[in-house]
Amino acid sequence: MIFAALLGVLSVSAQADTLAAPPVLKNLSTAPHIVEVTLTAAPARLALLPGKVTDVFAYNGRVPGPTLDVQEGDSVIVHFQNQLPESTTIHWHGMHLAANMDGSPLYPIAPGARTDYVFKVGEGKAGTYWYHPHVDKRTGYQVAKGLYGALIVRAAKSPLPAAIPEKLLILSDNRFGPDGSPDFPDPNSPAGQVDMENGREGPVMFVNGQVGPTIVIKSGEVQRWRVINASAARVYRLAVPGQTLLWVGSDGGLFEKPEAVQDIVLANSERVELLVRGTGAPGSEAALVTLPYDRYDTHTRPADWNQSHDLVRLVYAPTPPVTPVAIPDVLRPIPALDTTQVAATKVVTFTQGLINGKAMDMNRIDLRSRLGTTEIWEIDNLVGMDHPFHLHGFRFQVLDRNGVPERVRRWKDSVNVPRHETVRLIVNFDDFAGKWMFHCHILDHEDEGMMGVLETY
Ligand code: C2O
Ligand code: CU
Ligand code: CU
């Protein structure tokens with residue numbers, strides 16, 4: 001019986017994804033609109049690199065961690081336990097919550113300690129987010145050791161037809177020593193210096209912790225992919241060669257309408273939602289690839305920067321084509337933040353390792369913003385490599401890049417600022433007084449001090 005069942009699985013395996021989504025965290029509450037879960041960060045013995053079991057850090061014993069899947073309006077309670085041998089936090093990247101629930105380096109959880117993260121998910125916040133540690137100077141290390149996971153917020157009613165199947169793709173990369181454990185060179189070695197400059201990249205590229213998984217699509221089928229860049233430093237330029245992608249959302253959820261594009265640059269910590277249309281013939285094959293993207297300073301640009309890499313095999317089922325579902329032209333309104341009601345304009349300059357000429361000091365407040373006001377922030381990258389800007393707690397809209405107005409309005413919490421470019425964004429500080437991080441999301445840069453503190457009051 002068991003063998004027969006196994007054979008059955010094998011015979012259909014050509015038509016099943018090998019890409020596996022992390023399990024969804026189990027809701028312990030039965031009350032409506034309450035999501036209560038437990039998360040533990042602990043050392044584990046797992047294979048990050050397939051075939052080599054080593055010492056890793058894991059949320060609930062797996063990498064990536066389980067997915068926190070909630071709805072707009074839910075109250076979320078996360079019972080967190082730190083069983084790591086070092087302090088950590090959980091930062092809910094992109095969430096709008098009380099400052100002391102944000103998991104910033106100001107609120108470390110000691111080894112062996114427990115805490116509850118409690119926050120309410122607002123209306124209109126449906127989108128793809130993620131969670132990761134954010135402890136002082138150790139974020140890059142803890143993420144590389146295996147600590148990262150997805151957070152999905154759903155609307156009560158999505159404008160996209162329910163018939164569209166959904167896939168989650170958490171992208172990460174890593175570099176390993178001969179024993180299969182993450183490789184961290186001595187910071188003073190030449191390799192360590194290159195990591196510091198570029199941010200730590202690795203040659204092994206993962207999707208949900210898997211290398212080269214398969215997604216099966218039917219000819220004619222439309223799939224919704226939520227993609228998260230959980231890499232410390234690698235920037236992806238996503239494409240399915242031979243296909244036009246329908247870009248429908250970014251960090252803070254869906255756009256007003258789908259945008260047809262050939263490729264999408266996805267910087268560190270950014271997310272996108274795509275509609276992938278099965279335009280290929282039954283039995284054919286395509287791939288999700290990352291195309292070359294030059295984010296580097298010429299001195300430390302890796303020799304293979306101009307190579308493309310396959311991330312996912314896209315396999316067409318050998319079954320007859322299906323009729324594509326109709327994709328709505330209108331997704332949801334995104335009201336523009338009012339540029340005529342701006343209380344202050346702030347300038348944030350990026351140089352290598354520094355923001356406004358300073359390295360991070362947790363005891364210093366760099367910027368202050370009054371609650372209930374809207375501000376324009378101008379992010380100036382003064383150096384010869386890209387730095388992705390991220391603001392905690394408050395989503396924003398990009399106004400222009402180098403003076404060129406942004407064509408598509410979208411909710412963002414991270415934006416790549418290419419070398420020697422300027423990005424202007426608009427943000428409303430509606431509520432939650434406290435201290436918030438803003439930083440470059442290349443984790444090596446953030447750990448090195450390319451971060452500042454904003455106080456809302
Ligand atoms: Cu993804 Cu300061 O965080
Ligand atoms: Cu964040
Ligand atoms: Cu940077």
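User: How many residue pairs are in polar contact between domain 1 and domain 3?
Analyst: The count is 16 residue pairs, both partners at pLDDT 80 or more. This is a predicted model.

User: And how many salt bridges between domain 1 and domain 3?
Analyst: Zero salt bridges are counted between those two domains.

User: What area do domain 1 and domain 3 bury between them?
Analyst: About 1800 Å². Carbon and sulfur atoms carry 60% of that area.

User: Where are the domain bounds?
Analyst: The assignment gives domain 1 as 2-154, domain 2 as 166-316 and domain 3 as 339-456. Domain 1 puts 26 residues into the contact with domain 3, and domain 3 puts in 22 residues. Over C-alpha atoms, the centres of domain 1 and domain 3 are 26 Å apart.

User: Switching to the metal. Which protein donors does the copper ion (ligand 3) have?
Analyst: H387 through ND1, C440 through SG and H445 through ND1. They lie 1.9 to 2.1 Å from the copper ion. Along the chain the donors follow the spacing H-x52-C-x4-H.

User: Are C440 and H445 buried or exposed?
Analyst: Both C440 and H445 are buried.

User: What about confidence? What is the mean pLDDT of the chain?
Analyst: The mean is 96, and 97% of the residues reach 70 or more. Residues 1-13 have pLDDT below 50. That stretch makes zero contacts in the model beyond near neighbours in sequence.

Terms used. Residues are numbered from 1 along each chain as its sequence is written. Chains are lettered from A and ligands numbered from 1 in the order in which they are written. This is a predicted model: local features need pLDDT of at least 70, side-chain atom pairs count only at pLDDT 80 or more; totals for chains, interfaces and linings use all residues. Side-chain values use heavy atoms; hydrogens and water are left out. Donors are N, O and S atoms within 2.8 Å of the metal (3.2 Å for Na, K and Ca); water is not among the atoms, so sites may look incomplete. Buried means under 20% relative accessible area, exposed over 50%, partly exposed in between (1.4 Å probe, protein chains only). pLDDT is the predictor's confidence in each residue, from 0 to 100. Contact means heavy atoms within 4.5 Å. Domain bounds come from an automatic or database domain assignment. Buried area is the accessible area (1.4 Å probe) that two parts lose on being put together, summed over both. A salt bridge is a side-chain nitrogen of Lys or Arg within 4 Å of a carboxyl oxygen of Asp or Glu. A polar contact is a pair of N or O atoms within 3.5 Å; within protein, one must be able to donate a hydrogen and the other to accept it, and residues adjacent in sequence count only if both atoms are side-chain atoms.
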